[in-house]
Amino acid sequence: MGLISRYFLVLFFRKVLAYVYIPVIQKELDVFRVSVWNVHRICKQKEKELPVDVPEHIFTCPESHGGEKCGFAGTEEQLREVAELANILDGIDDFLPEDFRQESQRHLPNTEDIEPDQAPNAFSYLKSRFSM
């Protein structure tokens with residue numbers, strides 16, 4: 001196999017890896033954030049004036065930690081309006097080419113349902129569905 005062929009093979013494998021693993025990794029990070037990171041206790045730091053408690057509690061009850069609520073609740077309509085004004089809805093910044101994503105979705109449509117221990121098999125399955 002020539003150098004150029006190997007280069008395109010590596011690019012192909014990277015796309016398959018991204019298609020399968022990015023949703024799996026994101027789901028695991030979301031679980032970690034909610035179940036571990038936002039509920040761990042922050043200890044007092046020497047010579048720092050920072051709140052000491054659980055991040056989730058500090059965020060929801062800042063007045064209990066010497067802070068104040070500065071945010072406001074926005075509606076879906078307000079968020080949509082701001083997004084339109086900021087011009088961020090026009091293009092979806094996808095990390096995969098559209099044709100590759102469509103073909104991958106044809107063979108493996110529900111990547112959000114892939115569990116971490118199933119990802120290697122999903123990768124192999126998807127890789128085998130493309131003709132090279």
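**Confidence first**

Colour the protein chain by pLDDT. This is a predicted model, and its chain averages a pLDDT of 89. Of the residues, 96% score at least 70. Confidence is highest in helix α5, at a mean of 96. The lowest is in helix α2, residues 55-60, at a mean of 86. Where pLDDT is low, the predicted coordinates should not be read in detail.

**Stop 1: the aromatic cluster**

Show the rings. The structure holds seven aromatic pairs. Now select F12, F13, F100, F123 and F130: ring pairs link these residues into a cluster.

Zoom to F12 and F130. How are their planes set? The angle between the planes is 70° and the ring centres are 5.3 Å apart, so the pair is edge-to-face. An edge-to-face label requires planes over 60 degrees apart. F12 sits in helix α1, residues 3-35. F130 sits in the segment after α5, which covers 119-129.

F100 belongs to helix α4, residues 98-107, and lies 30 residues from F130 in the chain. The pair again links distant parts of the chain. Like F130, F100 is buried.

**Stop 2: a charge over a ring**

Select R101 and F95. R101 lies over the face of F95. The distance to the ring centre is 5.3 Å.

**Stop 3: along helix α1**

Go to F8, in helix α1. Buried or exposed? F8 is exposed, because its relative accessible area is 53% and the cut-off for exposed is over 50%. With F8 they make a nonpolar surface patch of about 380 Å².

Move along α1 to L29. At 48% relative accessibility, L29 counts as partly exposed. Draw a distance from its C-alpha to that of F130: the separation is 29 Å. Along the chain, L29 and F130 are 101 residues apart.

**Stop 4: salt bridges**

Side chains of opposite charge can pair when their charged atoms come close.

Start with K27 and E115. Their side chains meet in a salt bridge, 3.5 Å from N to O. K27 lies in helix α1, while E115 lies in the loop between α4 and α5. They are 88 residues apart in sequence, so the bridge ties those parts together. K27 is partly exposed at a relative accessible area of 24%. E115 is partly exposed too, at 37%.

Next, select E77 and R80. The closest N and O atoms of this salt bridge are 3.2 Å apart. Both residues lie in helix α3, three residues apart, or about one turn of the helix. An α-helix has 3.6 residues a turn, so residues three or four places apart point the same way. R80 is partly exposed, with 40% relative accessibility.

Then take E103 and R106 in helix α4. The N to O distance in their salt bridge is 2.8 Å. They are three residues apart, which means a separation of about one helical turn. R106 is exposed, at a relative accessible area of 59%.

**Stop 5**

Show helix α3 whole, residues 76-85. How many of its 10 residues are buried? The count is one, and the helix is hardly covered.

Most residues other than glycine have a negative phi, and most peptide bonds are trans. Two residues on this tour have a positive phi. Just after α3, N87 takes a positive phi of about 60°. For the other, jump to E47 in the loop between α1 and α2. Its phi is near 60°, a positive value in a residue other than glycine. E47 counts as exposed, at 78% relative accessibility.

Key:
Residues are numbered from 1 along each chain as its sequence is written. This is a predicted model: local features need pLDDT of at least 70, side-chain atom pairs count only at pLDDT 80 or more; totals for chains, interfaces and linings use all residues. Side-chain values use heavy atoms; hydrogens and water are left out. Rings of Phe, Tyr and Trp (its six-membered ring) pair if their centres lie within 6.5 Å; planes under 30 degrees apart count as stacked, over 60 as edge-to-face and the rest as tilted. Helices (H or I, at least four residues) and strands (E, at least two) are DSSP runs, numbered from the N terminus. Buried means under 20% relative accessible area, exposed over 50%, partly exposed in between (1.4 Å probe, protein chains only). A charge sits over a ring if NZ of Lys or CZ of Arg is within 6 Å of the ring centre and within 35 degrees of the ring normal. Patches are made of residues with over 30% relative accessible area and no salt bridge: like charges are joined within 9 Å, nonpolar side chains (Val, Leu, Ile, Met, Phe, Trp, Tyr) within 5 Å. Accessible areas come from the Shrake-Rupley method with a 1.4 Å probe; for residues, only the protein chains shown count as cover. A salt bridge is a side-chain nitrogen of Lys or Arg within 4 Å of a carboxyl oxygen of Asp or Glu. pLDDT is the predictor's confidence in each residue, from 0 to 100.
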